[in-house]
Amino acid sequence: MVKIVGVRFRPAGKIYYFNPLNFEVKAGSHVIVETARGIEYGTVIIPPTEMADDKVVQPLKPLLRMATKEDDRITERNQEKKKDAFRICQEKIQKHKLDMKLVEAEYTFDNNKLLFYFTADGRIDFRELVKDLAAVFRTRIELRQIGVRDETKILGGIGICGRSLCCSTYLSEFAPVSIKMAKEQNLSLNPAKISGVCGRLMCCLKNEEETYEYLNGRLPGVGDHVTTDDKLRGEVQSVNVLRQTVKVIVEVDDEKEIREYNVSQLRFKPRRRKDKKLSAKEMKALEALEDRGKSKLDEGK
């Protein structure tokens, strides 16, 4: 076991582990640490705790010190300065006529580096842009190309559920999402309805995937033949996954009728539900959506 403290550098960003040494830190405390980017100001998310060695990448860098009021002021000034840096970079991009969309500017805590995050359809030759920016800001410049998921995480927004986006509020890392998850949950397979603000498959499809897999595994498939507890044999017309009920077409007195049963009242051979049949056009659109969602899952913090 090793003692760690979890630190985050941006809202809903990835949590990085550090050695707390003998500092008395609590969740929400601000600390100064050294990272690959230089000296950084972060927020403690996980207070000092023991963690298994195999879950921590050694060697752990130690906390440098607790943040002071002056450090808080420096961070606030950096937040103000990045607005001007963003505006100037936008002007330089237009000057060089580069086909790229600037997403965010960010100063490191010690002002040793200025980072610009952007999106673009392909590779961009921004060497001249970097020279211009270095001449203006007199510091190290780094331009980092990110994916549309990361762009949405930085900018934030409101999802179709009416709430703030998961990725910008609590998801620290993107999880792979597939069309299979939408089919498992019996959702509409219209790409417009299962894609998020970023245009990729919605991250929340992952949230209930395990539950639906378990519940679906307890149900018969539509079209299967089952035996009811009142000794009738019939064909499954539909199922309600969450309520675990099944509508069965049974024959009573030479007449067919539909009766609803709880899954516990039926006897059948459990098996996975059949996948929906898709048209060639639907399949092509969904495959394109899924392929785009597999790229650039986690670029940057």
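## Aromatic pairs

Rings of Phe, Tyr and Trp (its six-membered ring) count as a pair if their centres lie within 6.5 Å, with planes under 30 degrees apart called stacked, over 60 edge-to-face and the rest tilted. One aromatic cluster here is made up of Phe9, Tyr16 and Phe18. This is a predicted model, where local features need pLDDT of at least 70, side-chain atom pairs count only at pLDDT 80 or more, and totals for chains, interfaces and linings use all residues. Numbering runs from 1 along each chain as its sequence is written, and side-chain values use heavy atoms, with hydrogens and water left out.

The structure has five aromatic pairs. Tyr41 and Phe109 are stacked, 6.1 Å centre to centre with 20° between the planes. Both Tyr41 and Phe109 are buried (under 20% relative accessible area; exposed is over 50%, partly exposed in between, with a 1.4 Å probe and protein chains only). Phe118 and Phe126 have ring centres 5.8 Å apart and planes at 80°, so that pair is edge-to-face. Phe118 is buried at 1% relative accessible area, while Phe126 is partly exposed at 23%.

## Charges over rings

A charge sits over a ring if NZ of Lys or CZ of Arg is within 6 Å of the ring centre and within 35 degrees of the ring normal. Arg10 does this with Tyr117, its charged end 5.6 Å from the ring centre. Lys153 does it with Phe174, at 5.7 Å.
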